[in-house]
Amino acid sequence: MSVSKTAKASPQGLDKVKQAFAQKGWQKNSPIFLDTACVSAATLKRFWRSVPIGKDSFQAICQAINLDSSEIIEQTPTAATSAEQTSATDSWVDSWVDSWVDRAAVAHKLRAQIAGTTRLLSLTGLTGIGKTALARHLAQRLADEGYTCLHLHCDRSQPLTLAKLAHALSQKAAPSHPIHLSFHALIDHLKQHRYLFIIDEIEHLLETAPDTCLSRFQNRIWSDFFQAILKADTCNSRFILTSQDLPNELEVLGDRWPDRWCAQALGGLNPEAQMLLFQKIGLSPPPHSEENQYLSRIGLAYQGHPLSLRVVASEIATTFNGSIRAYWHEYGSAIDPEAALANLPRHSQYLRNRVQPRIKAALLRLKHQLPDAYDLLQAGSIHCRRPQLSQVWLQRAQAVGIEPNRARLLIEALSNRAFLVPTVTDHRLYFSLHPLAIIYGFSD
């Protein structure tokens with residue numbers, strides 16, 4: 001069993017904390033303490049109630065009052081030896097770093113921006129679209145320009161806290177002598193030094209406002225933090241955030257400091273990049289061959305979704321010994337866009353096992369946060385499988401009991417999360433479901 005990521009105070013420990021607070025003249029929720037400990041008011045309330053909180057936050061609280069955490073923590077078998085819960089990161093994805101396809105134009109533009117005045121870059125898109133790969137590519141380039149890079153992951157079961165960020169920074173700065181940083185000291189340190197933070201999957205830090213359908217930070221400390229970064233006269237550090245949707249606070253802040261914030265939505269790879277990806281994994285049929293056409297049809301069916309295409313290419317290269325034609329004979333009727341939706345069960349199990357859980361997780365989050373948006377998407381997967389005008393989607397919403405004004409907000413929310421893909425044809429706006437939402441989200 002691995003060590004738990006959480007800790008809670010024992011009754012005796014809380015007595016010691018109360019004594020330390022009394023000596024400093026602090027109240028339980030003193031703002032000066034929140035700043036010194038670099039934790040949120042909600043986290044501190046859980047600490048006082050002896051509810052488990054992240055170990056980094058627990059240690060930060062103890063440090064702020066000069067107490068050893070071992071004197072405060074409740075030593076229980078659960079706290080000491082419970083299984084560690086980690087984010088669902090597919091380790092096999094890391095082996096494909098070398099096969100990443102450079103989105104040359106986008107990468108060049110973003111590198112110039114983040115090396116210039118842009119302090120905060122938000123990369124959004126469907127799970128598996130390549131947000132992290134692009135962030136790592138940018139980090140590699142900026143490391144050559146003197147930036148110290150740190151890569152942090154958000155976790156649904158153990159959300160990232162500002163205390164964890166400060167702890168990671170102190171470990172990077174001086175591994176043998178961790179530095180405790182208060183909120184304002186952390187901002188000052190970041191302003192003065194060249195750090196590049198990649199913070200992955202910040203959707204786990206977000207919630208959805210039920211009235212507006214907009215995403216927002218669950219904990220205000222994050223919006224305060226990024227506001228402090230953006231409003232500073234100068235700041236040497238940079239942040240790249242990856243997320244399936246964008247917190248509204250960042251859009252508002254970006255309107256105030258447009259030269260310091262940038263948002264980039266990522267879609268699927270274009271046909272040329274799709275072929276380059278296949279080539280890097282060892283599939284290089286002649287340009288006008290039948291095998292090349294099969295790969296083109298696979299790319300079209302999955303709308304250039306990098307993760308899906310990598311899984312397909314990997315299976316062709318291994319299980320099918322590089323035979324594109326054999327793979328197509330086995331699964332072509334399920335992959336071909338003209339027949340795919342009628343043959344869902346025949347999709348490769350290898351492909352389903354590696355893509356479906358991620359799509360399902362994104363849809364489960366949508367269902368939890370915006371159940372009526374989930375209902376609209378599910379209805380669309382049955383009745384609106386081809387691109388439809390927005391009016392058709394509004395009619396479908398009305399059929400499932402959603403009033404028009406609400407439906408418009410939901411359509412926008414689904415577009416922001418890349419489940420609906422907007423296109424303009426003959427000067428009319430159409431919305432189509434992303435095929436992965438149908439194939440792997442509502443196929444069971």
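Colleague: Is Thr118 buried or exposed?

Modeller: The model is a predicted one. A residue is called buried when its relative accessible area is under 20%. For Thr118 the relative accessible area is 5%, so the residue falls in that class: buried.

Colleague: Where is Thr118 found, and which residues does Thr118 touch?

Modeller: Thr118 belongs to the loop between α8 and β3. Leaving aside residues up to four places away in sequence, its contacts are Gln113, Arg238, Asp259, Arg260, Trp261 and Cys262.

Colleague: Which strands stand at the edges of the sheet, and why is one side of each left without a neighbour?

Modeller: The open sheet has five strands with parallel pairing, in the order β4-β5-β8-β3-β9. Each edge strand has a single partner strand, so one side of each lacks a neighbour in the sheet; these strands are β4 (148-153) and β9 (261-265).

Colleague: Over how many bridges do β4 and β5 pair?

Modeller: Strand β5 covers residues 195-200 and pairs with β4 in the parallel sense. Within this pair, Cys149 is placed opposite Leu196 of β5. The number of bridges between β4 and β5 is six.

Colleague: What angle does the direction of helix α8 make with that of β9?

Modeller: Helix α8, residues 104-114, packs on the sheet and touches β3 (120-124), β5, β8 (238-243) and β9. Its direction and that of β9 make an angle of about 165°.

Colleague: Which strands does helix α13 lie across?

Modeller: Helix α13 comprises residues 248-256 and runs at about 130° to β9. The strands it lies across are β3, β8 and β9.

Notes: Residues numbered from 1 in each chain as written. Predicted model: local features only at pLDDT ≥ 70, side-chain atom pairs only at ≥ 80, totals over all residues. Heavy atoms only, no water. Pairing = 2+ DSSP bridges. Helix = DSSP H or I, 4+ residues; strand = E, 2+ residues; numbered from the N terminus. Contact = heavy atoms within 4.5 Å. Axes fitted to C-alpha atoms, helices over the stretch in contact; angles between N-to-C directions. Buried < 20%, exposed > 50% of the residue type's maximum accessible area, 1.4 Å probe, protein only.
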